[in-house]
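Biologist: I would like to go through this model with you, beginning with a single residue. Could you please bring it up?

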Amino acid sequence: MHPDDNQRYFDQHQAREKICARWLKKQSKTVRKSILLTALAGIANGIAVIIQAGLLANILSALIIDNATLKPLIPLLAGLVVVFIFRSFCVYAQQVTGFQAGASIRTALRQQLTDTFAVLGSAALKNQQSGALAAVTLEQVDALAPYFSRYLPQHYIVGLLPFIMIAVVMPINWLVGCILLFTAPLIPLFMILVGMGASSTQRSQFLALTRMSGYFLDRLQGLATLKLFGQAEQELKNIHKVADGFREKTMAVLRIAFLSSAVLEFFSAVAVALVAVYVGLILLGQIHFTFAPPISFKIALFVLLLAPEFFIPLRQLAIYYHDKAAALGAADAILTILEQVEKTNVGWVSDSVTQQSKSLIEFNNVSKSYDQRQVLTDINLNIHQGEKIALIGASGAGKTTLLNLLSGFETATEGSIWLNGQALNRNHALQNMAYIGQSSYLFYGSIYDNIALANPHTTAQQIQTAAKLAGVTEFSEQLADGLQTLIGERGYGLSGGQQQRIALARAFLKNADIIILDEPTANLDKETKTCLLVVIKQLFNDKTLIIASHDAEVIEGMDRQIVLQHGRLA
Amino acid sequence: MNDLAFFLRLFKPHSLWLVGGVMLALITAFATITLLTLSGWFISASAIAGLGGDVLLFNFMLPAAQIRALAITRTLGRYGERLATHEATFRVLTEIRVWFFAQLIPLALGRLSEARSGDLLSHMTADIDALDALYLRLLAPAIVAALGVTAVTVFLYAYDPFISFTTGCLLLIASVAVPWLFNQLGRDGAENVVTLAASLRLRQLELLQGMTDLLANQAYARFAQRFIKNSERLIETEADNNRLTALSSALTLLLSQLALLVAVILVGLAYQHDELSGANIAIVIFCVLAAFELVQPLPQAMQMLAKTQTAAQRVRHLATLTPTIQMASQTSALPNRYDLRLDGVSFRYSEQSNWVLKNLSLTMPQGTKIGIIGASGSGKTTLLQLLTRHYDPEHGVVLLGNTPINQLNHDKLLSCFGVLSQRSQLFAASIKENLLIAKPHATVNELKLAINFAGLTEFIARLPEGMNTWVGESGVKVSGGEARRIALARLHLKNAPILLLDEPTEGLDEQTEREVLGALAGFAKNKTLIMVTHRTVGLELVDVVYGMEQGFLVKTFINSLN
């Protein structure tokens, strides 16, 4: 890589990280209350620790130095019990409220992501493997939670608690106070140094995870094919490679995390040791600073008990720093999906825009381009109620794009499209249309449920009728369970023609005014095709029918032909 | 528990790492306890020495050096332990993923046809990930806690038997009773998390893979709502689990503080009876404090034990399914001739279902070409699947060159067949890689011939990246017809002696259909061919046509064209 490229990559990377950080901040505003409550519980616990150290120091000093009996110590011991119970409660509260912060963000984001998928539609998502996308909505959304439930509250805790502790220690022994004051910043400083590379390592781990999910799903779906070609055993090597890649990336993340916590542990141990050595030597009377304050056993014990506690919130923050790195990595993946909405420019016109129009559908100077590539140019078109239209053109002429515009799956780059005198948007369009693509997805469930997709409240009678008219019963009656036969994902076990019939039954049940079919016979043999065309004609006799096809037999049966050539009407 | 033990066996090849991890953990635990105890003693002893004026007799250099050494040991030990245990665990997880996939291979034909790939994906990712707790959170901490608790109790016994006994009891409660309690309380929640997470993935995949149809039928919002409901149920269950975890943290903290309190009172009493010296008070108290650090992770680990168990059970369940066929213990060599014979073959999918094939006999000497015609559901595809051993017949026998096929190695048997099934699976890979599945070391020329044979030359020429174009889920959209042609090209590349064609030209337009059939005629010239179809197109390829009806074969006509 050229050094300049390297620099540019780095700048972009930094800029990207800033965007992700800003987005995370925005998200945190929605759960501010939970975050603050969590921090509050943590701070209360910290204050209780100070009191606990004070009580313990008093008790032990009374026992060891003053040779006191237990009786006068009872109030102190009782105080200790109260502090213990209070601390336990704080620990509980901190964990529970923290979870809440993460939980509501996860739900909100899953909702937002599924909505985004719908807005984008399959056209925009077709370059991504669904196994990988699922890993984003599941694992990566989960990976955000600790940032809100642990890292952010800890941020507040660290902002306050160490200062409270120093404020308590200072008046008692200013030298120890100073030791704490000057060693404390070392921890966040080092944390930042270690954390610098963490988010990019984390990102590549997420990438490895999504890659692994996508790859495994693909190979699992094709396992039978691999077996038939005797390649399944060979595939194990690839599975190992992908799984091992994930292990390596995971370990890279963990190595940083472990190293940083080891270093921090060491630093805080050094600081505590510094306090201990000072205290020990003073107690022994080995050193006499003229300016050093004298120290009693009670105070020595107090500062010694407190010193490790002083560093605990800082060390926690350092550990949680990796939650931040993880969240930044996950935010990048999530944002990449959310941002596609702007990129694909799916801005819909609002319902209120209307115009006078006699035709059912009207295209005015419509053009569509993807980046630099012009797909449709200057389409002017009127479609009237009840017309039977064949949309003709070679592959790549723009037929599917035209249908996608018509059904609102995509929006025009220029010009306007009108449906019943209203500016077309997808909700409006899909209410009025039934759309059947080249291959229809069948869901895991019965044939019956698959037909009832558009309207789950349809009566059994209606479904039976639709199934009969679309020719589904022809094959379903030969199956032991009839329409209740379970069909797997992707319609396992049914031929292409049978799947198309189920899709036709769906469309018939929907009873929409406009029927759009994208090459409905592309995958069918001649006999099935002829049968299906008869069915289509019968089913949709009174509807507006638009069929994209380059099949002579399909075209023959239509009243009107619209011919596309290189994205223009011929 | 059986399931966990089963997976522990898979950890065996990495036992060196695992034992090393536990050893390091023990060293760290030892350093931690000793460090705290020694420091406590050091400070108290210094104070007492300082007050008593025995300063010159007090050697503070040695314990100070020991404390430094211990602090370094603890830090390095913990770092090393974490690296070793995690490295070990993730190595094992990688192996388990590969192992799982390997277990699926014999099930791929037949048994897995009903499995949902999203479920299998969950097994292979999330469920196997959940097995990490087995060693990291259960086994290693339990060993360390058991040894640590015993050591501390014995150590304290030397100072004061009564304190040792009380602390031992409290430690036992914290390390056995509390974890057991939380295991009981957490069981349902931990199990539910696994199943809810798996169904969430299924719903997400359904939303994504069926998006166009869902949108077109205005069902997307409904399905998305179900997905969100599922997610909410999962998060609620996790919240319940988290509450329980929080409770166990709080309880463990309380218990350790309580132990401290009891220790303070007891040492106070012992001191007053002169049974314990001043400096030893600190030793006992700090030792108790440190010991509780060991048992802290146990309640949570036990609470989520059921999660690991459920995951293990799910993964193992699929892997222990028996294939639909019996594997021969000793296999015969492939016969020289590829004569096929079915002798009195009957088959049904289960004992409850109807017979699909009934007492079917058929002889096909090498080079025979037959067609089987029948309506869908008549058992044609099943017949082909008996040849490739998706299933074994219930009665009767299938012979290849006089050897029953169940005595042949399955992979070797499959190498004799070129199968064109109704569904052509494309992988998310380049066209070239998709073709090479049929013959990994094919030459450029062989690829070219296969592409030409399948009528793909023009299609590939149109693609900017040619054969390196990505197809499949993450690649360019390939129509059903194009996918079928890629499958045809694979068939050509594999060049097996027996061709099994299941509706070979379905999905092709008329012109391509003619081209493909013409090519197939030449390709199949010296091969055995069985073609299954529900229509008459393509039957010119075969010599004899049988009709299949309700599980019986009837010779319909002999092709006079050939």
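Biologist: Is Asn359(B) buried, partly exposed or exposed?

Modeller: Asn359(B) counts as partly exposed, because 14 C-beta neighbours lie inside 10 Å. Please bear in mind that this is a predicted model.

Biologist: Which element holds Asn359(B)?

Modeller: Asn359(B) belongs to strand β2 of chain B, residues 357-364. Its phi is positive, about 45 degrees, although Asn359(B) is not a glycine.

Biologist: How does the radius of gyration of chain B stand against a compact globule?

Modeller: The radius of gyration of chain B is 35 Å, whereas a compact globule of 562 residues would have one near 24 Å. The C-alpha trace of chain B spans about 120 × 55 × 50 Å along its principal axes. Of its 562 residues, 49% count as buried.

Biologist: What confidence does the predictor give?

Modeller: For chain B the mean pLDDT is 86, and 96% of the residues reach 70 or more. For the complex, the predictor gives an ipTM of 0.87 and a pTM of 0.84.

Biologist: On to chain A, then. What is its secondary structure?

Modeller: Chain A comes to 18 helices and 12 strands. With 570 residues, the globule rule gives 25 Å, but the radius of gyration of chain A is 34 Å, so the chain is more spread out than a compact globule. Its C-alpha trace spans about 110 × 60 × 55 Å along the principal axes.

Biologist: How many of the contacts in chain A join residues 24 or more positions apart?

Modeller: Such pairs account for 82% of the contacts in chain A with a separation of 6 or more. One example is Leu24(A) with Ala331(A): they are 307 residues apart along the chain, yet their C-alpha atoms are separated by 7.2 Å.

Biologist: What else does Leu24(A) touch?

Modeller: Leaving out residues up to four places away in sequence, Leu24(A) touches Tyr147(A), Ala327(A) and Ala331(A). Leu24(A) lies in helix α1 of chain A, residues 3-29, and counts as buried because it has 21 C-beta neighbours inside 10 Å.

Biologist: Which residues have the most contacts inside the largest nonpolar core?

Modeller: They are Val275(A) and Val279(A), in a core of 350 residues. Helix α10 of chain A (residues 297-344) supplies the largest share of this core, 24 residues.

Biologist: Which residues does Val275(A) touch?

Modeller: Not counting residues up to four places away in sequence, Val275(A) touches Val176(A), Ile179(A), Val303(A), Leu304(A) and Ala307(A).

Biologist: And Thr183(A), where is that?

Modeller: Thr183(A) is in helix α5 of chain A, residues 174-183. It counts as buried because 20 C-beta neighbours lie inside 10 Å. Between Thr183(A) and Val270(A), 87 residues apart in sequence, the C-alpha to C-alpha distance is 9.3 Å.

Biologist: Finally, how many residues are in contact between chain A and chain B?

Modeller: On chain A there are 114 residues in contact with 116 residues of chain B. Helix α9 of chain A (residues 232-284) gives the most to the side of chain A that touches chain B, namely 25 residues.

Biologist: What is the make-up of that side by class?

Modeller: The side of chain A that touches chain B has 61 nonpolar, 35 polar and 18 charged residues.

Note on methods. Residues are numbered from 1 along each chain as its sequence is written. Chains are lettered from A and ligands numbered from 1 in the order in which they are written. This is a predicted model: local features need pLDDT of at least 70, side-chain atom pairs count only at pLDDT 80 or more; totals for chains, interfaces and linings use all residues. Two residues are in contact if their C-beta atoms, placed from the backbone, lie within 7 Å. Helices (H or I, at least four residues) and strands (E, at least two) are DSSP runs, numbered from the N terminus. Ala, Val, Leu, Ile, Met, Phe, Trp, Tyr, Cys and Pro count as nonpolar, Asp, Glu, Lys and Arg as charged, and the others, Gly among them, as polar. A nonpolar core is a set of buried Ala, Val, Leu, Ile, Met, Phe, Trp, Tyr and Cys residues joined through C-beta atoms within 7 Å. A residue is buried if 20 or more other C-beta atoms lie within 10 Å of its own, exposed if 12 or fewer, and partly exposed in between; C-beta atoms are placed from the backbone. The radius of gyration is taken over C-alpha atoms; the globule rule is 2.2 Å times the number of residues to the power 0.38. pLDDT is the predictor's confidence in each residue, from 0 to 100.
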